[in-house]
Amino acid sequence: MTQHRYKTCLLIDDNYIDNFVTRKILQSGNFVEDIIVRQSPDEAIESLLTGTIQPDVIFLDIRMPLMSGFEFLEEYDKLVFPNKENIKIFMLSSSLDPTDIKRSELSKHVTNFIHKPVTQKALEEVFANDFSC
């Protein structure tokens, strides 16, 4: 039986191709057992509030049309639901904008920043620095 680092991953990204690539990398590297995709941050917030999704880890894109990843974090901060404090959030972006990286680092909810496209090597490096895995 394969040991996964996390049970459930919530992937929040509006880009279908990026979601396909990220899912494949997460699956092939045995990083998570179950991957749930929400293409809208609003849908993700609703799923978290209703408890239909109880992730261990969230991969959150920064640049989305209706609500950015940072706007999601502002809403996420207001949410109350079980085990919220144990969820790790990884910000995703194809942008190399140092402001995005800095904002990610300053967020109390963000564990790490990952450049897109997500690669096996990038995930291994990120998870190697996450001692609770």
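Leaving aside its neighbours within four places in sequence, isoleucine 58 is in contact (heavy atoms within 4.5 Å) with Leu10, Ile12, Leu48, Tyr76, Ile87, Lys88, Ile89 and Phe90. This is a predicted model, in which local features need pLDDT of at least 70 and side-chain atom pairs count only at pLDDT 80 or more, while totals for chains, interfaces and linings use all residues. Residues are numbered from 1 along each chain as its sequence is written, and side-chain values use heavy atoms, with hydrogens and water left out.

Ile58 belongs to the largest nonpolar core, which has 23 residues, and together with Leu60, Phe72 and Tyr76 it touches the most other members. A nonpolar core is here a set of buried Ala, Val, Leu, Ile, Met, Phe, Trp, Tyr and Cys residues joined through side-chain atoms within 4.5 Å; buried means under 20% relative accessible area, exposed over 50%, and partly exposed in between, with a 1.4 Å probe and protein chains only. The elements that give two or more residues to this core are strand 1, helix 2 (41-50), strand 3, helix 3 (69-78), strand 4 (88-93) and strand 5 (110-115); helices (H or I, at least four residues) and strands (E, at least two) are DSSP runs numbered from the N terminus. Helix 3 gives the most to this core, with 4 residues. A second, separate core of 17 residues includes Tyr6, Leu11, Phe59 and Leu123. In soluble globular proteins, nonpolar side chains tend to be buried together.

## Strands 3 and 4

Strand 4 is largely enclosed by the rest of the structure, because 6 of its 6 residues are buried. Lys88, Phe90 and Leu92 point one way from this strand, whereas Ile89, Met91 and Ser93 point the other way, and all are buried. Strand 3 pairs with strand 4 in the parallel sense over 5 bridges, where pairing requires that DSSP finds at least two bridges between two strands. Within this pairing, aspartate 61 has leucine 92 of strand 4 as its bridge partner.

Valine 57 is also found in strand 3, and it is buried, with a relative accessible area of 0%. Apart from neighbours within four places in sequence, valine 57 is in contact with Tyr6, Thr8, Cys9, Leu10, Val32, Ile87, Lys88 and Phe90. The C-alpha atoms of valine 57 and lysine 84, which lie 27 residues apart along the chain, are separated by 10 Å.

## Helix 1

Helix 1 has 13 residues (16-28), which at 1.5 Å a residue should span 18 Å, and its end C-alpha atoms are 18 Å apart, in agreement; the expected span is 1.5 Å times one less than the number of residues. In helix 1, Asp18, Asn19, Thr22, Ile25 and Leu26 are buried. They cover an arc of only 135 degrees around the axis, which puts them on the same side of helix 1, the arc being that of the directions from the helix axis to the C-beta atoms. Tyr16, Ile17 and Ser28, on the other side of helix 1, are exposed. What covers the buried residues of helix 1 includes strand 1 (6-12), strand 2 (32-38), strand 3 (57-61) and helix 5 (120-128).

The N-terminal end of helix 1 is capped by asparagine 15, with a side-chain oxygen 2.9 Å from the backbone nitrogen of isoleucine 17. Asparagine 30, whose phi is positive, near 55 degrees, follows helix 1.

## Helix 5

In helix 5, the buried residues are Leu123, Val126 and Phe127. They cover an arc of only 90 degrees around the axis, which puts them on the same side of helix 5. Lys121 and Ala128, on the other side of helix 5, are exposed. The cover over the buried residues of helix 5 includes strand 1, helix 1, strand 3, strand 4 and strand 5.

## Two further buried residues

Serine 104, placed in helix 4 (residues 98-106), counts as buried at 1% relative accessibility. Not counting residues up to four places away in sequence, serine 104 touches Ile62, Phe70, Met91, Val110 and Phe113. A polar atom of the serine 104 side chain lies 3.0 Å from the backbone oxygen of aspartate 100.

Methionine 67 is found in the loop between strand 3 and helix 3, and with a relative accessible area of 13% it is buried. Not counting residues up to four places away in sequence, methionine 67 touches Pro41, Asp42, Ile45, Phe72 and Glu75.

Terms used: A polar contact is a pair of N or O atoms within 3.5 Å; within protein, one must be able to donate a hydrogen and the other to accept it, and residues adjacent in sequence count only if both atoms are side-chain atoms.
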